[in-house]
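Hi,

Here is the structure you asked for. My notes follow below it.

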Amino acid sequence: MGYKLLFEHSISGAGFGRSRKPDFWIKQGQPSPALHIAFASDDRAMVDAFHKAAVAAGGRDNGAPGLRAEYHPKYYGAFVLDLGWAHIEAVCHGAEV
């Protein structure tokens, strides 16, 4: 997805982003199966690559890459469960190019 660790702080946690400013922060705490995190992807290939990498890293498939017309006609997403059972998603809202 192109995110890199950009900043670490003992109170606020770790900040990740694709440029110089973090736009995703995470901090240690109690895992929850109700947690759902979605990352916007630039294109459908990035969604595919996210899913493949997440499963290879030990995540559990919770929805292979594909269109989710129940959300809207161009909603292309993939879902995994991380090792703590949080729902992680990558989604592209654009048409296939």
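Arg 18 counts as partly exposed because its relative accessibility is 35% (buried means under 20%, exposed over 50%, partly exposed in between; 1.4 Å probe, protein chains only). Arg 18 forms a salt bridge with Asp 42, and the closest N and O atoms are 3.2 Å apart. The cut-off is a side-chain nitrogen of Lys or Arg within 4 Å of a carboxyl oxygen of Asp or Glu. The pair links distant parts of the chain, 24 residues apart. Arg 18 sits in the loop between S2 and S3, Asp 42 in the loop between strand S4 (36-40) and helix H1 (44-56). Asp 42 counts as exposed, at 53% relative accessibility. The whole structure has 1 salt bridge.

A word on the source. This is a predicted model: local features need pLDDT of at least 70, side-chain atom pairs count only at pLDDT 80 or more, and totals for chains, interfaces and linings use all residues. Residues are numbered from 1 along each chain as its sequence is written, and side-chain values use heavy atoms, leaving out hydrogens and water.

Now the sheet. Its 3 strands form an open sheet in the order S1-S2-S3, with antiparallel pairing. Strands are DSSP runs (E, at least two residues), as are helices (H or I, at least four), numbered from the N terminus. Pairing takes at least two DSSP bridges between two strands. S1 (4-9) and S3 (24-26) are the edge strands. S2 (residues 13-17) and S3 pair over 3 bridges. Phe 16 has Phe 24 in S3 as its bridge partner.

Best wishes
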